[in-house]
Structure formats: structure tokens, C-alpha cells
Amino acid sequence: LTTYEMEVRNGKFVFAFNISKPTNVSVFINDKYLVFPGVYEMLMEPSDSIHVSVPEMKTAGFYGFGIVNIGFSGRGSDKLNMTKAATGAMLDLFNKDPKYALQSLTYKYEASDKKFNAIDGVLKSFKGNISPQARDIIKGQLYDGIFYMLFISSLQSENDSLRYLFNKYIVQKKRIDVFFKSNVIYYHGGAAVSDFIQLSEFKNPYYVGGDVFRQDRKLEFAKMAMKYLKDKPIVRDYQLSRQTLTYVEAKMDNPDVRKMYQFYLDQVDARNPFFKQVKAIYDHAQSNFRTGTPFYKFALPDSTGKIHQLADFKGNVVVMDFWFNGCGGCKAMAPAMDELEEEMKNENIRFVSVGVDERKHWLQGIGKYSGKKTLQLYTEDQEQKHPFIKHLNLYAYPQLVVVDKNGNIAGIPPDPRTDKVGFRNFVRKFM
């Protein structure tokens, strides 16, 4: 992920970047999405030279300007105008829908089918200099947005008609097949394919935990994915790489992670483009987060400038919470951590929050994105370049790490946002 920042002068800005393959690009103007509502990203290809016309800033809505209000011209703009036209046709149908909470499952499938058809109609009839791969990627992008809400509803539904509706509108019409074409899965559809597998496997996924099933039973789901993707090696390797990567990032090291990684090694083609990344992150987790290994001997300041070191907490179990200002998951984590810290205040447990923002944003985020009473430390305006954070090489936030009474890594606890009992039991094992 690369970020460019440009200053607008006289209502214009220009930037160029080098790409060797089709690339998704998000553009923000004063923190407003350029093309959302509609889509979050625009597809760019090598040699494109796109001119974008944007209405006045005051016309932007809560989220952004919206792709249907943006003008595209120049070399490579045909595919963006096709995206705009297909999105407009889709949004026209969305605007006729009742509120989502009031829609029956049957209505959601029927309405989604109409939106898929609207997208197909525009993509089929739209003329212009658009490569077949770009058409497929854009179709995947637009389909993915429809699948997102439809499949969430399906995984959470107890409706006896689910299997009938899923087969009629998704399986028989081969809607998911777009993600199996020309490496489209590298751009869109990872979650949709996972949902599709679960909906194909279970008559009603709600009774096996819905979307939580994949989180709680990673290895079982990976084996399930192999069954459905065995003759689609590109999608298989992408999905298994994605599942293994997120599991290692979330849990770092435990027996289940090691089993998942071994399954990954046994099943995928080591020449797939994600193999080195998965291996590197797993090797890092094993070397830096292996249970029982000494934790990093940090020394960080609090808001008064007082330095706190790992050695200060010897004899206590330490729960480290890493966060940043603006992190949605961190905001959801904060009240759970407050509740647990209050409940466990008379035990030999210390809660320590480490913010990775510059000082101003760190101070503004305390109590909103981290616990209110937790000891607050920060990375001295070095943000994620601080040696502590670079050593841990954290990939996502919030991240919790438990350190035992001797200063060794105890492991990654269950997420207290969804499993407070599991979190408490895990931490108390090291008392």
C-alpha cells in the first residue's frame, strides 16, 4: 500500500505513479472519498492518463462525492466511465429498495439478482477501449459489493428457504464464477468466495456459528475450501494464503497456528505470489512471539515523560494493548478493556496501552481508542518506526499481547470484544 499526498492549487492537482499491472487506486479530497458512494476504488492500468473533473467541495456528501457525479476523460477513462454507468444502474435499483432491515431474505436475493443483471447489461453493451481483464476486474468489484450484504444476511439467517434461494440465484446462475477469471481474486472477492464455500457446505450456516465459524475453526474451514477449490489452483492458493496470513497475524504462535501453517505448506504451490510473504510472517512470529521467549525490553514514556520499562512489571502478568487514534477496532476494544481492568484490579495483572501515533494524536485518542484508566505509553513520536514496534512488526491493530510474570511471552489472548471469559481464563493461567 502506497500513499501519495498532493496539494490542490487553483482547483487542480496532478500526480503520477508507476505501475506494471492493473492497480486499484483510492482518492480522497479533504478526507472525502472521490468515487464513493458507488465504489471505493478506481482501476488503473499501465499507460493510463486519466483526467478527473470533480464538483465543488460543498457538494460532497457525508462519505464523498460519489462516482456518478465525477467526470472522467483521457487515455484509459473508458473503463471508469463503464464503472460509472454500471454503478449508476445498480444505485438506481438500491434507491428503490425498502430499508435493509425491513427486507425479507427472499426480497434480498431477488433484488440482488436484479442488480447483478443491471451490471451485466451495462458491461455487455458498453463500448470503448477496455481490456477483457479490466472488464472482469470491474465486474468483480461491483459484484463484490452486492455479495457483501447479501452473504452477511445469509450467514446470519435461520430462514428455511436459504438453500433454495442460494441455489436459484447464486449457484445456478454461476454468479461467483467471476472471481475465478483472469486473477480477479487478487483484486476482489476473497470474502465472497469464503462465504460462498460456507453457504455451499451447510444447509444453514447459522447453526454452525455463521460467520464466526471461520474464525473459530480455521483449519476445518481451510480443508473445506480445498474441497471446493481443488481444480482452481490460483484461487485455492490465494484463499489459503489469505486465511493462513490473517491467522498468524492474529494469534502469532500457538499449536493451532502451527497446524494451520503446516497444512498450508502441504497444500499450496510454493511458487504462488503470496508464499514468501506467508512464510516470512510465520517465521517472524516463531522467532519473536514464540511462547516462553523473552519479551522485548521496552522503555517508553507516559504523558508526564516518566519512563516505564518491562522490568518494572516483574511479578505481574502484563496485558499489552497496541492501538492508534482512528482505529475502529481499537475503539470497540477500549470499553472491553476498561471492564476487564476494573474486574481484575485486585489481581497481579497490569494493563498497559501503547499508542503508535505522534504525541498530539496519541493524547487525543486516550480513553476513546484505548482504556480510560490504563497506563498509557507511546512511541516518542517515532510512531511505527520505533524499535519496539519494528521488532514486533505488528500487522494490524488493535493487538493484544500477554507477558508472564517473568517477562516472557505468554501468547495472544482470546479477543475480549467477543470472548471475555476466554480472555480472563487465558490471562489467569499465568498468575
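First, the ground rules. Residues are numbered from 1 along each chain as its sequence is written, and side-chain values use heavy atoms, with hydrogens and water left out. Because the model is predicted, local features need pLDDT of at least 70 and side-chain atom pairs count only at pLDDT 80 or more, while totals for chains, interfaces and linings use all residues.

Now the overall picture. The chain has 14 helices and 13 strands. Those are DSSP runs, numbered from the N terminus: helices are H or I with at least four residues, strands are E with at least two. Along the principal axes, the C-alpha atoms fill a box of roughly 70 × 60 × 45 Å. The radius of gyration is 24 Å; a compact globule of 431 residues would have one near 22 Å, so the chain agrees with that. That radius is taken over C-alpha atoms, and the rule is 2.2 Å times the number of residues to the power 0.38.

What share of the residues is buried? It is 46% of the 431. Buried means under 20% relative accessible area, exposed over 50%, and partly exposed in between, with a 1.4 Å probe and protein chains only.

On to contacts, meaning heavy atoms within 4.5 Å. Take those with a separation of 6 or more: residues 24 or more positions apart account for 68% of them.

Next, a helix pair. Helix 5 spans residues 190–201, and helix 8 spans 233–251. Their axes come within 11 Å and cross at roughly 95°. Axes here are lines fitted to C-alpha atoms over the stretch in contact, with angles from 0 to 180 degrees between N-to-C directions. The two helices are therefore roughly perpendicular, a label for 65 to 115 degrees. Who meets whom? From helix 5 come Gly190, Ala191, Val193 and Ser194; from helix 8, Val235, Tyr238, Gln239, Arg242 and Gln243.

Last, two loop residues. Glu358 sits between strand 10 (349–355) and helix 12. Glu358 is partly exposed, at 33% relative accessibility. Setting aside neighbours within four places in sequence, Glu358 is in contact with Asp381 and Glu383. From Glu358 to Tyr206, 152 residues apart along the chain, the C-alpha separation is 43 Å.

Gly367 lies in the loop between helix 12 (359–365) and strand 11 (375–378). Gly367 is partly exposed too, at 23%. Its C-alpha atom is 17 Å from that of Pro416, 49 residues apart along the chain.

Notes. Angles under 35 degrees count as roughly parallel, over 145 as roughly antiparallel, 65 to 115 as roughly perpendicular and the rest as oblique.
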